[in-house]
Amino acid sequence: MSEKVIVAVDAMGGDNAPQEIVKGAVESLQKNSKIYIKLVGKEASVQAELAKYDYDRERIEVINTSEIIETGEPPVEAIRKKKDSSLVVAMRLVKEGKADAVVSAGSSGAILVGGQTIVGRIKGIERAPLAPLIPTAKGQSLLIDAGANMDAKASYLFQFAKMGSIYMENVVGIKNPKVAIVNVGAEEEKGNALVKETYPLLKACKDIHFIGSIEARDIPKGDADVIVCDAFVGNAILKLYEGLGEVFLAKVKEGLMTSLRSKIGALLIKPALKQTMKSFMSNEYGGAPLLGLNGLVVKTHGNSKSGDICKSIGQCLAFREQKINDKIKEKIKNEA
């Protein structure tokens with residue numbers, strides 16, 4: 001497929017903007033010839049960063065904006081008032097069909113609000129979930145929802161499961177992905193009101209491979225490919241994952257420095273250990289897509305470095321080439 005994919009990148013969003021954002025955008029051009037970038041932000045700052053690199057100037061366009069949405073700003077107010085912010089302009093490019101996707105490391109709240117109100121949901125989709133890939137012993141699983149809809153309904157989770165299955169099968173390449181709902185036990189009768197209402201809907205759905213409930217302790221084992229929950233539960237799982245990863249890595253390093261013998265051993269195992277730990281960091285898989293929108297919105301970590309931005313842009317390419325939105329629309333049409 002030779003069709004190019006245009007990604008609008010919020011050059012001013014995140015702790016390391018615009019330096020790491022611009023660097024990641026340039027790196028993405030080197031990895032795939034189909035990618036074209038619209039860098040949205042304060043032109044002077046963006047151009048100053050671009051001047052550091054050699055790149056195909058036909059494949060990067062800088063779009064000047066005068067405002068930045070800061071992390072601490074109220075999301076709804078920021079999206080409504082800062083019309084010339086890098087995030088709002090980038091999302092408007094997707095809405096107007098001038099870009100296929102937007103990538104931002106900026107304010108999570110503003111990205112979620114902007115995705116729903118500017119890009120807009122696919123007709124028939126009740127809510128757009130945030131769906132990051134998380135590392136497991138068997139590879140990776142999709143956690144859906146991880147932050148967008150704190151108060152969910154059973155019908156939302158039902159759609160999340162279907163969208164998550166489509167994403168995992170077509171973007172990640174897992175055939176007939178196993179779907180589970182987060183619960184406090186494996187028994188069907190367990191759970192809160194939301195889980196009890198959602199479970200029979202998922203069980204009766206012929207479009208997904210539903211395997212029942214999954215307890216939190218089994219998520220890292222990779223027992224399910226798509227992990228369905230409301231955003232309150234999902235965000236707690238995601239943050240615990242991130243915190244445990246940091247603590248575990250620190251403790252391993254501390255243990256390896258306790259004696260001369262352990263230090264010698266550390267030198268021997270360092271390459272293998274580094275690779276293993278890298279595979280178990282949640283940011284290894286790029287950003288989290290907001291599924292169910294009319295265009296793709298990818299939220300990356302606020303402290304993203306160039307590699308994270310590059311991976312997130314790569315996600316946009318796979319999303320477009322696999323026609324994920326078309327597949328979601330087809331499923332929703334059949335459901336109606």
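**An enclosed helix and other local features**

Analyst: In helix H4, the buried residues are Ser86, Leu87, Val88, Val89, Ala90, Met91, Leu93 and Val94. Buried means under 20% relative accessible area, exposed over 50%, and partly exposed in between (1.4 Å probe, protein chains only). Helices (H or I, at least four residues) and strands (E, at least two) are DSSP runs, numbered from the N terminus. This is a predicted model, in which local features need pLDDT of at least 70 and side-chain atom pairs count only at pLDDT 80 or more, while totals for chains, interfaces and linings use all residues. Residues are numbered from 1 along each chain as its sequence is written, and side-chain values use heavy atoms, with hydrogens and water left out.

User: Which residues have a positive phi without being a glycine?

Analyst: Asn176 is one of them, with a phi of about 50°; its place is the loop between H6 and strand S7 (178-182). Lys323 also has a positive phi of about 50°. Lys323 sits in the loop between helix H10 (306-321) and helix H11 (324-335), and is partly exposed, at 40% relative accessible area. Most residues other than glycine have a negative phi, and most peptide bonds are trans.

User: Where are the cis peptide bonds, then?

Analyst: One joins Ala17 and Pro18, with omega about -5°. Pro18 belongs to the loop between strand S1 (5-10) and helix H1 (19-31). Another joins Ile144 and Asp145, where omega is about 25°. Asp145 is in the loop between strand S6 (139-144) and helix H6 (154-172).

User: Changing topic: how many disulfides are found?

Analyst: A search of the whole structure gives 0 disulfides, a disulfide being a pair of cysteine sulfur atoms within 2.5 Å.

User: What about Ser141: buried or exposed?

Analyst: Ser141 is buried, at 1% relative accessibility, and lies in strand S6. Its side chain reaches the backbone oxygen of Ala224 at 2.7 Å. This is a polar contact, that is, a pair of N or O atoms within 3.5 Å; within protein, one must be able to donate a hydrogen and the other to accept it, and residues adjacent in sequence count only if both atoms are side-chain atoms. Leaving aside neighbours within four places in sequence, Ser141 is in contact (heavy atoms within 4.5 Å) with residues including Pro132, Leu133, Met168, Ala224 and Ile227.

User: And which residues does Ile309 contact?

Analyst: Beyond its neighbours within four places in sequence, Ile309 is in contact with Glu20, Ile21, Gly24, Ala25, Thr300 and Ser304. Ile309 is part of helix H10 and is buried, at 1% relative accessibility. Between Ile309 and Lys299 there are 9.8 Å in space, C-alpha to C-alpha, and they are 10 residues apart in sequence.

User: Which residues touch the most other members of the largest nonpolar core?

Analyst: They are Ile37, Leu39, Leu50 and Ile313, in a core of 59 residues. H6 contributes the most to this core, with 9 residues. A nonpolar core is a set of buried Ala, Val, Leu, Ile, Met, Phe, Trp, Tyr and Cys residues joined through side-chain atoms within 4.5 Å.

User: Finally, how much space lies in the second largest pocket?

Analyst: About 390 Å³. Its lining has 18 residues, of which Leu130, Leu238, Glu242, Lys299 and His301 lie nearest its centre. Helix H5 (108-119) and helix H8 (231-256) are the elements that give two or more residues to this lining, and the largest share, 4 residues, comes from H8. On a 1 Å grid over the protein atoms alone, a pocket is an open set of points where a 1.4 Å probe fits, with protein on both sides within 12 Å along at least five of seven lines; lining residues have an atom within 4 Å of a point. Grid points are joined across faces, edges and corners, and the volume is the space filled by probe spheres set on the points.
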